[in-house]
Amino acid sequence: MKLQLVRAGAAGLALGLLTLLVDTAPVTAAPVSVTAAGTDLVSVALDDATLALRVRDAAQAGRGLPGHDPDTVLLGPDGGAAGRVPAGKAFAFLGAPGHAVWSLSSGDYGFSQLDTTGVPRGATVGDVVEVSLRAVDGPGRFSAYTLSQLGAPTPLLGTGPDAARTARLPVGTRIGNLIWMFDAAGEHQVTLAASVTLPSGEQVTTEESYRVRVPAINPSLLAPLPTPARPRPATSIAPRTSAAVPQAGGSPSAASRVLAAPAANAAAPTTAATRRVIADGHVDMGPQLDGNSWTLRVKDDTVSPPVWRELADVVLHVKDAAKIEVPAGADFLGEPGDAVWLLPQAQQAGIVWPGWNTQHESVVAGTKGNVTWALKGVSGPGRFMLFLTGSFGKADVLFDSAKTLPQQMSIPPNTHAHGNWAFSKPGLYRLAVQMSATTTAGKAVTDTKTLTIAVGDATDPGSGFGAGSDGTDTGAGPGAASGPLPRTGENWVPIAVGGGLALVAVGALLVLVTRRRRAGRPGATGVESA
């Protein structure tokens, strides 16, 4: 009996110890995978003398939520862009020209941001936040830099021999086009510290580690990237396919897929019918599907909650705050020193930030294949261009009104993207834009509308409403033309090709047929009078 009691006591003690060990063992949650596009990769916030350093994904950044602790997030290996260091001094901090590297981005164009909007002005000495690189535990070199809208890099932090270890950032701002670059595959742990000095003289610091998984770097399928001084024009891009319609059910390229954000955050709850001039903040142009009714609208995120507006009820006003001079090397935009009004790819306070998306839940669930976006015509006092800036400063031109129209590109569903919108002169511009798709039932749907943009402080945006804003004046202007729309296949970076040669060929054929018919009539001489 005693032996049984001893055995029972031992068993109970063992069970108690086991339970205690299980209860006290740390539970390690799977890391959250975050896509780089639209992410506040380094987000600093100050709350009552407590400093926080977080990662905010695109949805959290859009809703102003605090974000993730960096050590709970996995960055990479999906997305990203492998390439080679361009020649020239601008990118020498990345290594020797031709050296293989990999950028933490979404494809070559979906970048992260530095965010200090959580630190109010006046809360720190000098309105400055210092971000320091404490350590990088990994197999290769690390560099962090930002890109200007025209592709010029600004190094911030790095492990290179001459790289800075501390960057001073203004408070209350969001700095876009942030790129983290690595030159070796494997696991990397990047440890950053953020610090501020309070008006009392107290210094507050916090430190976090970021986990980045870099895949095998294989830029062998890519030609060495051009130097930033000579961006590649759109006409030099060779088409991959010439399919007559977007490929239903096809898989978009990696560069396309990684620009997508969760569809659940895409649908705006209401549709507004009031006219609105938008001169600051975020807007997107995109389609909506209601049965077989396909409508192109503007999603206005400058109000809360956001609303969808008819294009005829919206004028985007580009203020003179967006005016810059064309720098040397950006000859695709004009001559050095020429004025250009530029809405950049990354958000900038005080000017409107237009983008495009195919994220409405009706589009994601109700269509198959890609959405085709075509620029049908441009009416305005000057030249309009839409282009993207890549990780290495290369410019890819999407639309250019100085070339033959229509031009088009293919956009995968559930995509949200931004580019650089450039206008060479002040005045009123009307862009005839068309988006087309195929429903899951196999029906082709399309809508053509006019996007009105008032450029310059002296241009009255109110004059953009009324005649011409409803699509009745969409074919005029430089570069306007009709003709077949070229297709770009699976790559959503467009091929800007016109239908002018086709029109010439058709015209010549009609003349030849007319002459032969007249020659066959009784009494015809085969010679036409002047």
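This is a predicted model: local features need pLDDT of at least 70, side-chain atom pairs count only at pLDDT 80 or more; totals for chains, interfaces and linings use all residues.
**Entry 1: cavities**

I noted a volume of about 80 Å³ for the largest cavity. I then listed its lining: Val42, Leu114, Val131, Ala144, Leu156, Leu157, Ala167, Leu169, Leu178, Trp180 and Leu192. By class, I count eleven nonpolar residues in this lining, with no polar and no charged ones. I looked up which strands contribute, and E10 (153–158), E11 (166–170) and E12 (174–182) each supply at least two of the lining residues.

**Entry 2: a six-stranded sheet**

I traced an open sheet of six strands in the order E16-E20-E31-E30-E24-E27, and its pairing is mixed. Strands E16 (276–278) and E27 (407–411) stand at the edges with a single partner strand each, so one side of each has no neighbour in the sheet. Neighbouring strands of the sheet are turned by 25° against each other on average, direction ignored. I examined the pairing of E27 with E24 (residues 367–379), which is antiparallel and runs over five bridges. Within E27, serine 410 is the bridge partner of threonine 372.

**Entry 3: aromatic pairs**

I recorded 14 aromatic pairs in the structure. One of them joins phenylalanine 142 and tryptophan 180 edge-to-face, at 5.4 Å centre to centre and with 90° between the planes. Phenylalanine 142 belongs to strand E9 (residues 142–147) and tryptophan 180 to strand E12, so this pair ties together parts 38 residues apart in sequence. Both phenylalanine 142 and tryptophan 180 are buried.

I also looked up phenylalanine 332 and phenylalanine 387, an edge-to-face pair with 5.0 Å centre to centre and 85° between the planes. Phenylalanine 332 sits in the loop between strands E21 (323–325) and E22 (339–343), and phenylalanine 387 in strand E25 (residues 384–389), 55 residues apart. Phenylalanine 332 counts as buried because its relative accessibility is 12%, under the 20% cut-off. Phenylalanine 387 is likewise buried, with a relative accessible area of 0%.

Last, I noted a cluster in which ring pairs link Trp102, Phe142, Trp180, Phe182 and Tyr210. Trp180 is also among the residues lining the largest cavity.

Terms used:
Residues are numbered from 1 along each chain as its sequence is written. Side-chain values use heavy atoms; hydrogens and water are left out. On a 1 Å grid over the protein atoms alone, a cavity is a set of points where a 1.4 Å probe fits but cannot get out, and a pocket is an open set with protein on both sides within 12 Å along at least five of seven lines; lining residues have an atom within 4 Å of a point. Grid points are joined across faces, edges and corners, and a volume is the space filled by probe spheres set on the points. Helices (H or I, at least four residues) and strands (E, at least two) are DSSP runs, numbered from the N terminus. Ala, Val, Leu, Ile, Met, Phe, Trp, Tyr, Cys and Pro count as nonpolar, Asp, Glu, Lys and Arg as charged, and the others, Gly among them, as polar. Two strands pair if DSSP finds at least two bridges between them. Axes are lines fitted to C-alpha atoms, for helices over the stretch in contact, and angles run from 0 to 180 degrees between N-to-C directions. Rings of Phe, Tyr and Trp (its six-membered ring) pair if their centres lie within 6.5 Å; planes under 30 degrees apart count as stacked, over 60 as edge-to-face and the rest as tilted. Buried means under 20% relative accessible area, exposed over 50%, partly exposed in between (1.4 Å probe, protein chains only).
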